[in-house]
Amino acid sequence: MAGYNWLCDLDEAKGLTLGRTYHNINACTTFIKYIATTAKDQVADEIKKRKFVSVTSDGATDASIIEQEILFVRYSSKGEPVAKFAGLRQPVSPDVTSLFQAIMEALEDVGLNKEELEKKLVGFGCDGASVMGGKKGGVSAYC
């Protein structure tokens, strides 16, 4: 919020009149929500155009010991590799089913439902944790 206030102050110093309507935490929250939605929609549009994609996922535990799973979708555009942020999810628990569900939720947000993923997925990257990469029972076995 401090950065947002600073930007509002800068706009006013440049002669723009913002008033109090936009110079508050509620407006900041609204703007961030719409900017994030637009960015997500742009990523979804890009992914829709691609014939093949790969997914990279990695988990981390934050300071409050809560598991977080981050996802990126990679594809080729004009012969160049592109990696786009697909989402960050908190699985219900760090087991295979919960991790897979969290990954699928994030991918669905960028237009990759199970049906689309089955058509386009050519690779899945993850760390060496057995819950992720286990050949018979890991998340990669679900993909």
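## Exercises on a predicted model

At 85% relative accessibility, Lys 78 counts as exposed (over 50% is exposed, under 20% buried, and partly exposed is in between, with a 1.4 Å probe and protein chains only). This is a predicted model, where local features need pLDDT of at least 70 and side-chain atom pairs pLDDT 80 or more, while totals for chains, interfaces and linings use all residues. Residues are numbered from 1 along each chain as its sequence is written, and side-chain values use heavy atoms, leaving out hydrogens and water.

**Exercise 1.** Find where Lys 78 lies and look up its phi.

*Solution.* Start with the strands: Lys 78 lies in the loop between β2 (67-77) and β3 (80-89). Strands (E, at least two residues) and helices (H or I, at least four) are DSSP runs, numbered from the N terminus. Next, the backbone: phi is positive at about 55 degrees, although Lys 78 isn't a glycine.

**Exercise 2.** Classify the ring pair formed by Phe 72 and Phe 85.

*Solution.* First, the rule: rings of Phe, Tyr and Trp (its six-membered ring) pair if their centres lie within 6.5 Å; planes under 30 degrees apart are stacked, over 60 edge-to-face, and the rest tilted. That rule gives a count of one aromatic pair. The ring centres of Phe 72 and Phe 85 are 5.8 Å apart and the planes sit at 70 degrees, so call it edge-to-face. Now place the partners: Phe 72 is in strand β2 and Phe 85 in strand β3, 13 residues apart, so the pair links distant parts of the chain. Last, check the cover: Phe 72 is partly exposed at 31% relative accessibility, and Phe 85 is partly exposed too, at 44%.

**Exercise 3.** Is Lys 120 buried or exposed, and what is it in contact with?

*Solution.* Locate Lys 120 in helix α4 (residues 114-120). Its relative accessibility is 7%, so it counts as buried. Now list contacts (heavy atoms within 4.5 Å): leaving aside neighbours within four places in sequence, Lys 120 touches Ile 47, Lys 48, Arg 50, Lys 51, Phe 52, Val 53 and Leu 112.
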